[in-house]
Amino acid sequence: MLRWLVALLSRSCLVSKGGAMFYAVRKGRRTGVYRTWAECQQQVDRFAAARFKKFATEREAWAFVNGGTPGEQQQQQQQPAPADSSPPLAWLPTATNKNAHGPSAVIQENVSQREEPAEDLFCCGTCKRPYEQSANEEHTAKRAKHDEVHLAPTVSGDKFSYMGDFAVVYTDGCCSGNGRNRARAGIGVYWGPGHPLNISERLPGRQTNQRAEIHAACKAIEQAKSQNIKKLIIYTDSKFTINGITSWVDNWKTNGWRTSSGGSVINKEDFERLDNLSKGIEIQWMHIPGHAGFQGNEEADRLAREGASK
């Protein structure tokens, strides 16, 4: 009876109470186990290739921090681990797909942003806003599944990078003086180091950051179709573009291009073009934090800024 009571008390110390979870950070600013997502987020937010995971028990959380699950640790003690030749693991943010099912290793996460916001008038000195973060982002992150992604893009003989059978491209748009009379916007499309399809162009027409983001994605899809690419992953730091094409556009068309509040869709022509181009190709939309150390995003941003200066 005494042993049973001791075991029960020990288990109660390790299992989370009231449905709370343990957040383990294996790679971040400070590794360890945290009781709240807010504490965990401070260690991994904007940290390149952060590795973290949520667990129901403290024992499992510390096992992850120390290099595996309790079962894996026991196995490692019995036999040495083989040399790891696989690519490094990396946490990849939002994956959203309107028409297709992408690679199985991609982790789905909710993206929350209000429908068709007013043009963003804030722009940093480098022509791009920093990493996007809304007041509701923490609550969204609590509902999302954070895990590790085991697939890394591999470069094919034709210089395209692939994740599974999906070609990979990074797009970005920027606008200096966004919302002002002398605004200058540009688009950037990055396929890989020295790739002949890398694009840096000035945005035609109305100069805004949101239009630049949409048109950068349009350009990437046009290029993909010209190369007979049937499956495409688009990395972008624009949640607005992802939400617009995956969640809002169908309702807009049904409502005569009116928002849920009854107003006119500001970027109607831009989303019409993106929607039309998205037909006949499977697209996996991936959100990636801007200015967080991801090379593809940084290169697309550089191309967009160069385009804005043309």
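Which residue does arginine 26 lie over, and at what distance from the ring centre?

1. Arginine 26 lies over the face of phenylalanine 64, 4.1 Å from the ring centre. The criterion is NZ of Lys or CZ of Arg within 6 Å of the ring centre and within 35 degrees of the ring normal.

2. The model is predicted, so local features need pLDDT of at least 70 and side-chain atom pairs pLDDT 80 or more, while totals for chains, interfaces and linings use all residues. Residues are numbered from 1 along each chain as its sequence is written, and side-chain values use heavy atoms, without hydrogens and water.

3. Strand S8 (residues 184–190) has 6 of its 7 residues buried (under 20% relative accessible area, 1.4 Å probe, protein chains only). Strands are DSSP runs of E, at least two residues, and helices runs of H or I, at least four, numbered from the N terminus. S8 runs antiparallel to S7 (residues 166–176), with 7 bridges, and antiparallel to S9 (residues 199–202), with 4 bridges; pairing requires at least two DSSP bridges. Isoleucine 187 is the bridge partner of glycine 173 and of glutamate 201.

4. Aromatic pairs number 10 (ring centres of Phe, Tyr or the six-membered ring of Trp within 6.5 Å; planes under 30 degrees apart are stacked, over 60 edge-to-face, the rest tilted). Tyrosine 170 and tyrosine 235 are stacked, at 4.8 Å centre to centre and 15 degrees. Because tyrosine 170 lies in S7 and tyrosine 235 in S10 (residues 231–236), this pair ties together parts 65 residues apart in sequence.

5. Ring pairs also link Phe240, Trp248, Trp252, Trp257 and Phe271 into a cluster. Both phenylalanine 240 and phenylalanine 271 are buried.

Technical notes. Buried < 20%, exposed > 50% of the residue type's maximum accessible area, 1.4 Å probe, protein only.
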